[in-house]
Amino acid sequence: MSGHAKRWRVLAACAAALACASSPPPAPTALPAAPDVARPTSEASGPPAELLLEAEAEDAALLGRLLGRSVVAGRAPLAEAFAAGLADTSGRVAVALVLDVSGLRVLPREQVVAAVGVRDFASTKQWLAEAARRTGGELTALSGGQVLLARSDGQRCILAPPPASGVSRLACGAEPSFSKAAGYLLSRPSMLTTPELRLWAHVPVEALDARFGALLDRARPLLPVLLKTELDRRGGVVARLLTPLASTLSDEGLALLHDVRSITLRLAKRADDWEPKLSVTLRSHGGFVAQLSRDVATASGTPASFFALPADAELATFSARVPDARARELQAGLEQWLRAVLGAPFRKSAELMAKVAGPDAPMSYAHGDTLGRDANDKLLGGERLRDLMHSVWGWHVLVYDEPAESYLPELIDGMRAYNDGELRRLVYRELPRLCDGLPPITMGPPIPGLANGHERFAMRMSGKLFDDCWSRGDRTPAARAAAGAELVVLLMPDGQRAWIGVSADQKSLLARMQKAPGTLAEDASLAELRDPRAVSGGFVTSRGVASLLRNVTQEDVWRLRRQRFDALPGRGRERVPWKLTVDPDGSLELWARVSERALADVGPTGLW
C-alpha cells in the first residue's frame, strides 16, 4: 500500500469504525446492481459524499505520482483500455479517490474511480463486449446510449457516447465507489481550462467535514492513540520528533477539518519551468493554524534583507513578522516540544533553542559552501580531520530586522550554556562522531577595522585536538602535525538590522556579510519573491540541500559530495524559488517554480 493511502487510512479510521457501527451491512448479492449513472452525460451529477480527492491530468503518469499508484497499469479495465490503444490522444485522465466505509469494515479503504476520453465509441463498445466474454462479465445497455460492463472480479466500466462537442468517455472502478463516482466523472467538465495547466487536484474538505466531522469529534480521544501507534510502527527519527506532538497534531488536524473549505493543487508548465500552486481556502478560524494564518496576513511582505543576502548562497529563506502574541505562543509550544524530544536533562537547552528560533522579527537566512571542494581523501592524520571540518561546515548568514543589541544577550546565553556543559553534552549525544575534547567558546576580541558594536565569538581548536582524535582510531599516522582551526560567530550591526554569521572561515564570512560577492538582488529569477502578501519563501538547490545535510549531520558521505553534482546537467545549482502568501481572510497559497534542469539534478542525487 502506498504512503498516501496509509495516511488517508489513519485519518479516517475512527470515522469508519463509528459509521460501520451505526449502519447495517448490505444484503449480499451475486452481482452488484448497475450504478445510478443511467442518464445523459450532459446532465450534472454531484460528487459523492465520501470523495476524498478528485484530480485530472493530461498525463496518467502525473496522476500516478500524485496518488502514489498507477491508474493505467496492471489488470484493471482502464489499464487494459490504455494498453489496447483506445484512449484519446489527449491522454487526459480524471480520477476520484473515494473512501469506502461500507459493511463491517474495521478500517476504511480508498478506491479509485477513473475516467478517460476514448478515440472511438463503437470500437470501445466492441472492446467492452470482448472483455465481458473474456472475463465472464456482463454487458448491459443503459439509457442515453451508455454501456455498462460488470466484470466478475467486481470491476465496473461505463462507456458514455460523445456529447455535442467532445469525445466519448470511459469510466472504470470497483464497487461500491464506482456507483457513487462514475456518473460525476462522466458529467463534470474538464478542469484543465488553459493550455499551461497540466494537473488539477481538489480536496473538498468542507464536504468531508459534513460527512465525517461529527464522527471524528466523537472519536477525538482515540486519534492520538492511533497516531502514536502508527508512529511507533514506523520508528526512526520521524517517530521521535512527532510522537510528543500526537495530541497537538490530532487536535489541530480536527480544527483544520472544521476551518478549511478546500485544498486545490494546480500544476502548470510554462516554457521549461513547472509551477505548482497549492491553495488552501478557509471558512472559519477556530484552530490555532487558521488563526495564525489570518493574523500574519498583516505582515509587510518579503523583508528587504532577503535580497541583501550573499549572491553565492546555495539555499536561502525568509519569514515575515509574526504578531507578538502569536510569536510568544509559538515559542512556548516550541520549547515544550523540544523539552519532550531532548529530555529532562536538557531543559535549559530547549529554552535557549526555542528563544533563538522564535519568530520575533522578520528574518532572512542564507547558507552556502566555504571550501568549494570535497575533503581531500589523500590527507592523513589530524590535517585530514581539519579538512573535513571545513568541508562540512560551510557558512551561514542570518539577518534580523531588529537592532544588533537585541541579540547579543541570546548569543552570550548560548555561549554560557555550551561552556557550562549542558549544551555541550547535548551536542555530543546527538553527534557522537565528533572529536572528544572540544574547547569552550570565547568572546572577543573585536576585529580591527569593523564598526563599533560588532561582537565575535570563537571556538579555537588546536592542531593537537585533531591529531589526538585521529590517533584514537586504528589509522595510519601522519608525517606532520595538523594546523589549528576556528569556528567563529559574528554579530554585526547594520542600522536597525542585526547580521549574524557562522563559519570556519572568518575572512570569507566577513566578505559575505559586507556584501562583497554581490547580493541576491542581482538574480532576476527571484523577482516573484518580491510579494507584499508573502509571509515566507526563498529558494533551494540540490547542492544547497546536500551542503546543509553535511553541516547538520557533520558527515561528508558519498551521496553529499560535491563531485556528484559536478556531473549533473545543472551542476546542482539550479535555484527553485518558492513562497507562501496569505490573503486577508487567512487563505494560503504555496507557489514554486522548478526548471527542467533542476528536475534533472534531483533524480540522480536522491536527496529530495
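Entry 1, ground rules. I worked on a predicted model, where local features need pLDDT of at least 70, side-chain atom pairs count only at pLDDT 80 or more, and totals for chains, interfaces and linings use all residues. Residues are numbered from 1 along each chain as its sequence is written, and side-chain values use heavy atoms, with hydrogens and water left out.

Entry 2, disulfides. I searched the whole structure for disulfides (cysteine sulfur atoms within 2.5 Å) and found 2. Counting bonded cysteines along the chain, I noted the pattern 1-2, 3-4.

The link of Cys157 and Cys172 is right-handed, with 110 degrees about the S-S bond. Cys157 lies in strand β6 and Cys172 in strand β7, so the pair ties together parts 15 residues apart in sequence; strands are DSSP runs of E, at least two residues, and helices are runs of H or I, at least four. I looked up burial too: Cys157 and Cys172 are both buried (under 20% relative accessible area; exposed is over 50%, partly exposed in between, 1.4 Å probe, protein chains only).

Cys435 counts as buried at 15% relative accessibility, and Cys469 at 14%.

I placed Leu249 in helix α9 (residues 246-259). Leu249 is partly exposed, with a relative accessible area of 38%.
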